[in-house]
Amino acid sequence: MAAHSAVLSMSKIFNPFWGGRLGNTVKVFGTSLTSHRNKGSRSPPPAKYGGRHTVTFIPGDGIGPELLNHVREVFRFSCVPVDFEVVHVNSADESEDDINNAITAIRRNGVGLKGNIETIHTMAPSVKSRNNLLRTSLDLYANVMHCQSLPGVQTRHKNIDIMIIRENTEGEYSSLEHESVSGVVECLKIITRTNSLRIADYAFKLAREKGRSRVTAVHKANIMKLGDGLFLQCCREVASGYPDITFDSMIVDNTTMQLVSKPQQFDVMVMPNLYGNVVSNVCAGLVGGPGLVPGANYGLNYAVFETATRNTGKSIAGRNIANPTAMLLAGCMMLDHLKLYDYATMIRNAILSTMNETRLHTADIGGQGTTSEVVQSIMRNIQSKGPLTA
Amino acid sequence: MAGNAWRSMLSQVGGATKPALSAAFSRRGMQTVTLIPGDGIGPEISAAVMKIFEAAKAPIQWEEKNVTAIKGPGGRWMIPSDAKESMDRSKIGLKGPLKTPIAAGHPSMNLLLRKTFDLYANVRPCVSIEGYKTPYTDVNLVTIRENTEGEYSGIEHLIVDGVVQSIKLITEDASRRIAEYAFEYARNNQRSSVTAVHKANIMRMSDGLFLRKCREVAENYKDIKFTEMYLDTVCLNMVQDPTQFDVLVMPNLYGDILSDLCAGLIGGLGVTPSGNIGANGVAIFESVHGTAPDIAGLDMANPTALLLSAVMMLRHMGLHELGSKIQMACFDTIRDKKVLTKDLGGNSKCSEFTDDICRRIQDM
């Protein structure tokens, strides 16, 4: 806005006669200038109320609540200037009031951290997945996941470093189904040019930002010629604008086969929704399991962070054996998004040190520690290295 | 189909009946099998398999047929009528890799075969091969994939410019059919559990229908444990611990991805067998790798995939003992590592590999 008025006043000084008319032109361009600034895709919400951010917390079901409590604990201990607005979503409720409250809260705060909300099968098919509703309402179009081999974790494959960018709102998850004839159900998979271009653009921008050299598009265009064909075409179009980044494509079944034999060949991967689900879970499994990898869902104006594989973990809920790493790292990603880089780095280093040096592991990666033991170890690490703790 | 299942079921019940059964078989004479060599390395690996079967004195009479798409009356593409007749008569087929020429105007040959014989179930047993080391050991699972509908129905529309809609079709009948086949297979092959793979949390109605049918069929097979698991959970667990899975049944797309994932676990498409079961008792066993035109005719191909598919075929016909013998010879050759083909890490020719297997069979 400042730039806008500055140019206007400048124009009046230089040419009083044309000032008015020029002013009009500037108004048009000025608007696009400021809105372009606001459109900066990942700008955090302004920190109000004394430099503290407010963040929406959605505990969800299963291990969600306990893990989010641990995140709160660690943040409070590290004096992170973040306040939490907790919104509960009852998965057994058929009405959409709860999830709408959550969506409003995220719109208000701009950023959220969530556990997975269970989708109960016994309810009618018209009751849509709450997680999906959240993603589509807030238009969180990019799901980003970074799978890296951790030196402290025993896995079959080493040196994996893959970034997966998955289209998060359309594709097979459009939730458009109908039973045209009794016993015959049709489910629609929607692929649009706009969303495909958008996600491809995001992928290439991210690749460039992180200094990556190759982007692979995963598809099944030999069978779904129109749908995945359109996706692939959009990726190619965007790729032509980034000559410094190599672009290639691979069919999804070949991709999974290559991932289990030679995952080191992949760098950045971009794909539609369902293949993203499969590939991200395969990669998470390759680096050590669902307890280790954080995920982020980015939209134009909002960002929601969670564990990458979105598991409810009902069977391990309440037993103090869940791995807090994924959720804590998701919290760090959120702090990075809020531009609180120092806090993010401090907590992340503490987590990685516990994982790789102290080697205190929970059961899912072959250790015997409990969740609270791991969290205590992380906090001890923060205390010994960090400047200020509670 | 029922006859075969009955025969194979009977052969499971007590080893005593086995010799009687194979005696009955040879009394009846040779079983005719339609052999489709295929393109590229197809002819040489088919020849290898025929040689091995001869060495094993298998009661199989091969009827070689070639399939190329021809345009029938009414403009529909079909396979040559003599191939179709042969398959309808013999009910069992063994197929090598077929190439799909781009822009040939006709759909892929595999698709044509699938449509002609209504091959509704694709069965891929994935067993770790001793001697061919992969990061995963002790894999022993079977993926059963619905092969006719689902995401591959091929129904796509351009709604408006820039918006494409693909339709995934799930029907009650196809879901019930594949679930029944999966449980039958589990019962006939002494598998203890069947897991339905789905994404019913997102695709509530379609995968919900598939799941319901699986549950209904499971009621009739109380001796087999039935579980359900989300596709993403299966993928996650598969790459961490594949030994927890037994028989997996799923719709088309998930089946495609998962069966290739499992093939990757044991070493790739060059060593994975596959079988397609049709509605009228027709069963076609095939190798799922490509035609490898770059090594065609150079005696470098690896016949393992086609051989293991042929072993699957023998088991389907009830000739379990013979099947196990040939499989053991094949695995012993691979474990020995003396005459491996290039893709398995060795330097030998296809003929040397084949001869080694033949020798082992004759020595047994």
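Two strands are taken to pair if DSSP finds at least two bridges between them, strands (E, at least two residues) and helices (H or I, at least four) being DSSP runs numbered from the N terminus. The structure is a predicted model, in which local features need pLDDT of at least 70 and side-chain atom pairs count only at pLDDT 80 or more, whereas totals for chains, interfaces and linings use all residues. Residues are numbered from 1 along each chain as its sequence is written, chains are lettered from A and ligands numbered from 1 in the order in which they are written, and side-chain values use heavy atoms, with hydrogens and water left out.

Strand 7 (residues 184–192) of chain A pairs in the antiparallel sense with strand 9 of chain B over nine bridges, and A:Lys189 stands opposite B:Ser166 of the latter strand. Strand 9 (residues 163–171) of chain B is largely enclosed by the rest of the structure, because eight of its nine residues are buried (under 20% relative accessible area, with a 1.4 Å probe and protein chains only; exposed is over 50% and partly exposed in between). Within chain B, six bridges link strand 9 to the antiparallel strand 8 (residues 150–160), with B:Leu158 opposite B:Val164; these two strands form a hairpin with two residues between them, and B:Gly162 in the turn has a positive phi of about 95 degrees.

In chain A, an open sheet of 10 strands with mixed pairing has the order 2-1-3-12-11-4-5-10-8-9. Strand 2 (82–86) and strand 9 (246–251) of chain A stand at the edges, each with a single partner strand, so one side of each is left without a neighbour in the sheet.
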